Amino acid sequence: MITVSNNEANRVAKLLNLKRSEFDEKYMEKGMHDLMLINAIPCHFLSNNKCSIYQDRFEGCREFPALHLPYFQKRLFTHFMHYNRCPIIFNVIEQLKTQLLFEK
Ligand code: SF4
């Protein structure tokens, strides 16, 4: 799930010429701890296999798959969820399997 900050929601609502309330109603849902999340998978802004708001995409999108951030092991569920969709994650996992002498 993509989390969206208040500033990001304001920015993208403006980009789409929507009132913030319209943007929230159409694209957002509340997650745990009142986090705002994109309410659809795949994301509304995915069009022809490309991000239609690429220059204004959310921080979570910019960081994905976040392999450069600490606590890789705490995001294993996400990594394995995207293993067969994301070539970056696939290649990193396959390299780790080789380096860690993983056997089938
Ligand atoms: S990069 Fe764009 S299409 Fe992909 S999840 Fe983020 S906003 Fe949606």
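1. Domain bounds here come from an automatic or database domain assignment. For this chain, that assignment gives domain 1 (1-63) and domain 2 (65-104). The centres of domain 1 and domain 2, taken over C-alpha atoms, are 26 Å apart.

2. A word on the basis of all this: residues are numbered from 1 along each chain as its sequence is written. It's a predicted model, where local features need pLDDT of at least 70 and side-chain atom pairs count only at pLDDT 80 or more, while totals for chains, interfaces and linings use all residues.

3. Helices (H or I, at least four residues) and strands (E, at least two) are DSSP runs, numbered from the N terminus. The chain has 5 helices and 5 strands, and from the N terminus on they run β-α-α-β-β-β-β-α-α-α. The chain is more spread out than a compact globule, because its radius of gyration (over C-alpha atoms) is 16 Å, well over the 13 Å that the globule rule gives for 104 residues. That rule is 2.2 Å times the number of residues to the power 0.38. Along the principal axes, the C-alpha atoms fill a box of roughly 55 × 35 × 20 Å.

4. How much of the chain is buried? Buried residues make up 6% of the 104. A residue counts as buried if 20 or more other C-beta atoms lie within 10 Å of its own, exposed if 12 or fewer, and partly exposed in between, with C-beta atoms placed from the backbone.

5. Helix 5 (residues 87-99) lies largely in the open, because the number buried among its 13 residues is 1. Just after helix 5, L101 takes a positive phi of about 60°.

6. Now the ligand: I2, C43, F45, L46, C51, I53, R57, F58 and C61 surround it, each with its C-beta atom, placed from the backbone, within 6 Å. By class, this shell has 8 nonpolar, no polar and 1 charged residues.

7. Look at D56, in the loop between strand 5 (50-51) and helix 3 (59-63). D56 is partly exposed, with 15 other C-beta atoms within 10 Å. Leaving aside neighbours within four places in sequence, D56 is in contact (C-beta atoms within 7 Å) with R11, V12 and L15.

Methods:
Nonpolar A, V, L, I, M, F, W, Y, C, P; charged D, E, K, R; others polar. Contact = placed C-beta atoms within 7 Å.
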